Amino acid sequence: MAEIKITFKLFAALQDYLPHEAKRTNALVLEIDGATTIAQIIERFALPRKLVHLVLIDGSFIPPGERAARTLREGETLAIWPPVAGG
Amino acid sequence: MGWARKILRVDLSKGTCKSEPLNMEWAQQYLGQRGLATKYFVEEVDPKVDPLSPANKLIMATGPLTGTMASTGGRYSVITKGALTGAIACSNSGGYIGAELKMAGWDMIIFEGKSPKPVYLSIQDDVAELRDAAHLWGKTTWDTEEIIKSSHHDPQVRVCSIGRAGENGVLYACIVNDLHRAAGRSGVGTVMGSKNLKAVAVRGTVGVSGIRDFKAFMTATTAAKKVLADNAVTGQGLPTYGTQVLMNVINEMGALPTRNAKEVQFEGARKISAEAMHEKRLSDGKANLVTNAACFGCTIACGRISQVDKNHWSVVNSPKYWGATGGLEYEAAWSLGAADGVDDLDALTVANMICNEDGFDPITFGATVGAVMELYTMGVLTKEQIGIEAPFGSAQALLEIAHMTAEGRGFGKEMGLGSARLTAKYGHPELSMSVKGQEFPAYDPRGIQGMGLTYATSNRGACHLRSYTVASEVLGIPVKTDPLVTEGKPALVMAFQDATAAFDSSGTCIFTTFAWSLVDLAPQIDAACEGGEAGWSVERLAELGARIWNMERLFNNAAGFTAKDDDLPTRLKTEPAQTGPAKGLVSGIDKMVPEYYKLRGWDTAGVPDKETLARLGL
């Protein structure tokens, strides 16, 4: 598969898993193989499973059961949060 | 028993304070705080009353768990007919004064009439008296609290007060307690100001006694605290990041109303988010967030204490804003920020301080600034009229308008009208992002459909806290639902509304519901309160919530509201979201309301039918 570029964002407690230079934007551009799944990216960044709660691609929710199979497409934004809430 | 069984009736016209027993029959039907005080209110006040007339009443009420060992048991509510909306108003606040009132031996205070001169109410346990407040009139809430504590020679006195906004008739004035907590919405502070009531100062040393089954209460409250501690949201997420953590979430989802809801995503969201509050500023090397903070008895501690850069242009000559004080919560950061296109975190923090200092609702204020900025952009309002150039994104305009509103000068007087009246005055009522006269908060109904129904049907005007379906549609609590569809939302909204009404009547905080359900609340109430043979079950609390909701609805209907008022601003129904997952979508409110009425047991005009009233004992 060809290399693609995606934007990877980690927020709240998960931003500690971003490289230092990405922490002021919470975002990192990744060049990945087009066959890479969400689960593989989570594994690559060693994100603790219990902190991977809200997973959005371009703002749309990806249920836990789909994360092992869902691959990323060129230009998509993958954003992940630990359990959070507000009001 | 949970209740103190005693209420204080203050006749401001006569200057009298009288104790009377709590109506325990009503307590069995309406529990406390929001429910029980609203029952008193609807029984005593004509729904057609002018909110600012002496005939309107204002009730400050605690719940049976207020002041107890239950986690978050520090809440109190203010019930009146709202100055901004003309609808039933119930504004809920944390801090410490609610618990102090309960520990002084009172369940609630009913204010009636109007004082001929400015006064404040002093309560020292069972001694209550009205005192002259001439020296306090014209003071901010911050100064008022300091002066009262000093004159009482007691730093432990708890104070709630109105600022200059409440004196000047800003229609969305708050009642601020403990410096930066507030009964914030619908203009309850305006009603207080109309009565020449400046403040309430309370010192309670009696304590809260009479828990029905103390051992069971200890067991229930301990178990419930463990639920909060073990939950990732209430145990870690909220204390660390506060409500502001939602800024990036909602923006990514394309549901952040931006520039008066013309757009649904804000390019500056990250700069005003919880993550930004945590990081060190480039200017002075310090973070905006100093620490988190808790209200009375709270084991979550979501509150924000912030400090701005002393050299920031907005405060460089104003040392009073240099200290650490109440910081931005999500709704205020949105209304002062995204709604106005402003991304200067320190400027927003200062604007929020001004709202606390002089007591006005940052949600309505910020949303009204957004409407003004749109009118300015259209050329309807000019620099000469406003007093400053006011394009979207101008932090200078935001702060100058905040100062003008606080001080009641210049264009600030028009700002005090709120967006519905202001935009109508200038011929563009469609630019007010409000329902029943109250501005909606930080969730765009095009991207989170359930919140559209929440806003449209909220009994106190647009509000997120009457049924926070964001929990389900965004965060998956208790189950994840699709935010972009309308199917299932009427039932979801109704369930949230009823459960919320029960929580709001208990003395606990609605934020517990990220971990708790009625299953966790019921044992605590049952152990604290006499409940007859049936006790306080989940089913009883859910029915109580429905009873309260319908009671509020009946008041609004009698006040003149109709089904036409259960609607959203035209923009949300005709201008589709331009970006994000909701791109191309408008709110499906017209599909949801009829189904909601059916589920509620209301006719097509939104009036509860006989069976519904009989079922709920109304």
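The model is predicted: local features need pLDDT of at least 70, side-chain atom pairs count only at pLDDT 80 or more, and totals for chains, interfaces and linings use all residues. Residues are numbered from 1 along each chain as its sequence is written, while chains are lettered from A and ligands numbered from 1 in the order in which they are written.

**Domains of chain B**

Chain B has domain 1 (6-203), domain 2 (244-438) and domain 3 (445-616). These bounds come from an automatic or database domain assignment. The C-alpha centres of domains 1 and 3 of chain B are 26 Å apart.

Domain 1 of chain B puts 38 residues in contact with 27 residues of domain 3 of chain B. Contact means that the C-beta atoms of two residues, placed from the backbone, lie within 7 Å. On the domain 1 side, helix H1 (24-30), helix H2 (33-44) and strand E5 (88-93) of chain B each give at least two residues. H2(B) supplies the largest share, 7 residues. Helices (H or I, at least four residues) and strands (E, at least two) are DSSP runs, numbered from the N terminus.

**Chain B against chain A**

This contact involves 30 residues of chain B and 21 residues of chain A. Helix H8 (232-241) and helix H9 (246-252) of chain B each give two or more residues to the chain B side. H8(B) provides the largest share, 6 residues.

**Residue classes**
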